[in-house]
Amino acid sequence: MKNILLCVTGSIAAYKVADLLRLLQQENKNIKIIATSSALDFVSELTLKTLSHNQLCTDNNSTGLEHINLSRWADIIVVAPLTANTLAKISGGFADNLLTQTILAADTDKIYIAPAMNTQMWHNKIVQKNLKKVLKNNKFHLIAPIKDTLACGEYGIGKMAEIKDVVKIIIKKKQQGLKGKKIIITAGATIEPIDSVRFLSNYSSGKMAYAIVSDCLNQGAEVLIVEGKTDNLPNPAIDKQSKKRLKIIKINTAEQMFNKVMENIKTCDIFISVAAVVDYSPVNPATNKIKKTNKNIQIELKPNVDILKEVASLSDRPFCVGFAAETENLQKNATAKLKNKKLDLLVANDVSKKDIGFASDDNAVTLFYGKETKKLPKNKKTIIAQQTINTMILLYKQQK
Ligand code: CTP
């Protein structure tokens, strides 16, 4: 990947484009810029021209076929920052300026969007609907905005992702440490029915699992996700090649997850158990909705199969990685889990902390393997996933 087309729209975050340019240039990328007329209200034409060492494309200097030429030239197109207005135009298929024309003319899976806007605008159903449309239908890649105090003074999600993270995502270097390896990854929460409308479950969002999947794909692996309930997450494969190596099976209960894992385990080299499997399920789920009474009711629960333990006990077992969610005594409980479940690697995190773990974008974990431990301090789940997979590859290679 050499040519990056940077599309800038009219948000206060447009001033950060200067830093983005500099970091991309340090990675030896060839960069062209499209700026909308409102982007030029926030960052000057002269600044962009001077920094890009290349053509600055605007509605004023477009020759007519520029949108075709630029969309074919670019290996990657990044819209950063992306305003709610341009998002709406893109999702509606508008082509009223050079930027929207170019997006419409481009191969959609090379487009990355980094939205930036006020938090109420971000949460507005219309904006979310537009976003869903371009992520689901067009398979654009989202560089999600982050939570912070915004330029308007309000606090919440809406700030454009940190520039260094934007760079990391779009120039994700292809590594091949897992080339040809088959990996099964369990994700999300299982749901155990109580009756036809209620279930037992937990707060797992699937974000950590998806970050792990994304990195395994990036390292060349073939990945099967066996997935319970997850948040509405974008596809973890960043490009066409990765997508071809990814398969997702959806399940509800722990028992279904166990069956799907076992059906596929024979050919699997590595099993990564990220799912928050519910430990118990109701003995006799009611087929209809349980009616309300004034009396206490009891629901009898039976223990679910420990999927990871079963896989790790197979005679011809894959390399086994577990995740431990702990609320106390992390060191002691994690060491016991590593031993009892006979794991090659255990990734332990403290889920009692509100700013990391379940549903959060951040995590901080400790890796346990053999007699060693390695602390990975608080960072984005995507970065924690990369660091974890790097250690996993080293351990896997030592064992083979
Ligand atoms: N796990 C599993 N099947 C289960 C329960 C857990 O495969 N029925 C896996 C999880 O995916 C995770 C690891 O085991 O990789 C540890 O899960 P965790 O919930 O931390 O521990 P438990 O074994 O359930 O023990 P406890 O809830 O008592 O901490």
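Biologist: Which element gives the most to the lining of the second largest pocket, and how many residues does it give?

Modeller: β17 does, with four residues. Helices (H or I, at least four residues) and strands (E, at least two) are DSSP runs, numbered from the N terminus. First, the ground rules. The model is predicted, so local features need pLDDT of at least 70 and side-chain atom pairs count only at pLDDT 80 or more, while totals for chains, interfaces and linings use all residues. Residues are numbered from 1 along each chain as its sequence is written, and side-chain values use heavy atoms, with hydrogens and water left out.

Now the pocket itself. On a 1 Å grid over the protein atoms alone, a pocket is an open set of points where a 1.4 Å probe fits, with protein on both sides within 12 Å along at least five of seven lines; lining residues have an atom within 4 Å of a point. Grid points are joined across faces, edges and corners, and the volume is the space filled by probe spheres set on the points. The second largest pocket holds about 830 Å³ of space. It is lined by 38 residues, and A275, A276, V277, F323 and A325 are the closest to its centre. Two or more lining residues come from each of α10 (207-218), α13, β17 and β18 (345-350). By class, the lining has 19 nonpolar, 13 polar and six charged residues. Here Ala, Val, Leu, Ile, Met, Phe, Trp, Tyr, Cys and Pro count as nonpolar, Asp, Glu, Lys and Arg as charged, and the others, Gly among them, as polar.

The ligand sits in this second largest pocket (more than half of its atoms lie within 2 Å of the grid points). α13 (307-312) and β17 (319-326) are the elements that give two or more residues to the shell around the ligand. β17 supplies the largest share of that shell, four residues. The shell has 14 residues, and the closest are S273, A275, F323, K337 and K341 (a residue counts if one of its heavy atoms lies within 4 Å). Eight are nonpolar, two polar and four charged.

Next, the polar contacts (pairs of N or O atoms within 3.5 Å). A polar backbone atom of I307 is 3.1 Å from a nitrogen atom of the ligand. A backbone N or O atom of A325 lies 3.0 Å from a ligand oxygen. The side chain of K337 places an N or O atom 2.7 Å from an oxygen atom of the ligand. The ligand on its own has 560 Å² of accessible area, and the protein covers 77% of it (Shrake-Rupley method, 1.4 Å probe).

Technical notes
Polar contact = N/O pair within 3.5 Å; in protein donor to acceptor, adjacent residues only side chain to side chain.
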